Amino acid sequence: MSLPLIALFLAAFAFGTAEFVIAGVLPDVALGLGVSIPVAGYLVSGYAVGIAIGGPLLAVATKKMSRKTLILLLGGVFTLGQVLCAMAPNFELLMAARVLVAVVHGTYFGIAAIVAVNLAPADKRGFAVALILSGLTVSNILGVPGGTAIGNALGWRATFWAVGALGLISTLAVALFLPAATGQSSTSGSFLREFKALARQQIVTSLAIAILVMIGQYSLFTYIAPLLLEVSNLDVNILPWVLLLYGVGATIGVFIGGRLADWKLMPSLIAILSSQALAFFALYLAAPYPLIMAVVVVIWGGVNFAFGSPLQSRILAWAGDAPNLASALIPTGFNVGIALGAVLGASLLDSGFGYRNLPLIGTAALIIAVFIAIFSYWLEQHSDDILPRPAE
């Protein structure tokens, strides 16, 4: 792991912490700003919308900018956004600050993936993408609990100050260690070329797979705590440890996926998606048995996050000469799937579906994803398409 990649990982860790830490301090934020907890929950939805819509638009608008300059600018805006969050006098301004951070978040992960690929030799590119993705999983293991502890001890505004300091440190690391000539600049072609790249079936199907996987994951993960407590009868004191191990499994899965992407990209992706479908069904079968369920949840975390590196590597490979919009749409696809999964899970629970049955949503979604991946790979193998020229 070179210093430039570690700097990009630190920035990813900061962005991941900023996105997820709100869950740990949400009740305190609601109390401090005089709103209900459900209203405060819109801070999560607003962030997802900012990533999904603002990220791709900003990526295309800044595509002629030097990539190092762009990453530094994103880091600066991120740090400023955390300061605004910490000082927000009311809910509306806190929401505006969160959306601002979300827009640069959506752009960062697309650009960082491109830069990471350019920094790595051809046989290590999947690992490089995995390192950036691991910033998100590690933020769940370290950043969110740490930020929550700071909020509990010093108040929720201190959490945002701490995340802002993390953003400043990671931005300084990028300034020091990322080569100025990394990728030189984003592509200088027309907006039309960026949109034409999206028509490649490999990109369309990959984004569809991302959405399906996230629907399956978050229709269940959003409600994993009540499932484990009410269906599996897991002891409430054991629950945090199971979720911690889930995060550890997810981080290991990210790096396994990166290695597999460097080995056999599409066969590995198909195998990972198939494993996910089996893991969801195993969760359904294991739900009444606490010990078995705890073990399966950890395994589920690993296979859930293993798909990210092969999928992103495929999108970046086929975006080639027009990577900016395609790469920025990766976090968009993820967040659209997250939003749809949470809403689908809530709707089915309201209709009497039951926590026990939630893993079946993931089983169905992943089976569809497997068929899409197989069909896409078949088309790729039986067509005259060649990989477009990679961006400099």
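Me: Where is Ile368 found?
Reply: Ile368 is found in helix 17, which covers residues 358-381. Helices here are DSSP runs of H or I with at least four residues, strands are runs of E with at least two, and both are numbered from the N terminus.

Me: What should I know about the model and its numbering?
Reply: The model is predicted, so local features need pLDDT of at least 70 and side-chain atom pairs count only at pLDDT 80 or more, while totals for chains, interfaces and linings use all residues. Residues are numbered from 1 along each chain as its sequence is written, and side-chain values use heavy atoms, with hydrogens and water left out.

Me: Back to Ile368: why does it count as partly exposed?
Reply: Ile368 has 44% relative accessibility, and therefore counts as partly exposed. Buried means under 20% relative accessible area, exposed means over 50%, and partly exposed lies in between, with a 1.4 Å probe and protein chains only.

Me: How far apart are Ile368 and Ala208?
Reply: They are 160 residues apart in sequence, but their C-alpha atoms are 10.0 Å apart in space.

Me: What about Val248, and where does it sit?
Reply: Val248 belongs to helix 12. Its relative accessible area is 34%, so Val248 is partly exposed. Between Val248 and Thr137 the separation is 111 residues in sequence and 7.9 Å in space, C-alpha to C-alpha.

Me: Which helix has Leu245?
Reply: Leu245 lies in helix 12, residues 239-263. Leu245 is partly exposed because its relative accessibility is 46%.

Me: New topic. How many helices and strands does the chain have?
Reply: The chain has 17 helices and zero strands.

Me: How many salt bridges does the search find?
Reply: The search of the whole structure finds one salt bridge, defined as a side-chain nitrogen of Lys or Arg within 4 Å of a carboxyl oxygen of Asp or Glu. The side chains of Glu380 and Arg314 form it, at 2.7 Å from N to O. Glu380 is in helix 17 and Arg314 in helix 15 (residues 308-319), so the pair ties together parts 66 residues apart in sequence.

Me: Is Arg314 buried or exposed?
Reply: Arg314 is buried, because its relative accessible area is 2%.

Me: How many aromatic pairs are there?
Reply: The search of the whole structure finds 15 aromatic pairs. In one of them, the ring centres of Trp156 and Phe160 are 5.9 Å apart and the planes stand at 90 degrees, so the pair is edge-to-face. Rings of Phe, Tyr and Trp (its six-membered ring) pair if their centres lie within 6.5 Å; planes under 30 degrees apart are stacked, over 60 edge-to-face, and the rest tilted. Trp156 and Phe160 both lie in helix 8 (residues 156-177), four residues apart, and both are buried.

Me: Which residues do ring pairs link into a cluster?
Reply: The cluster consists of Tyr218, Phe221, Tyr246, Phe280, Trp300 and Phe305.
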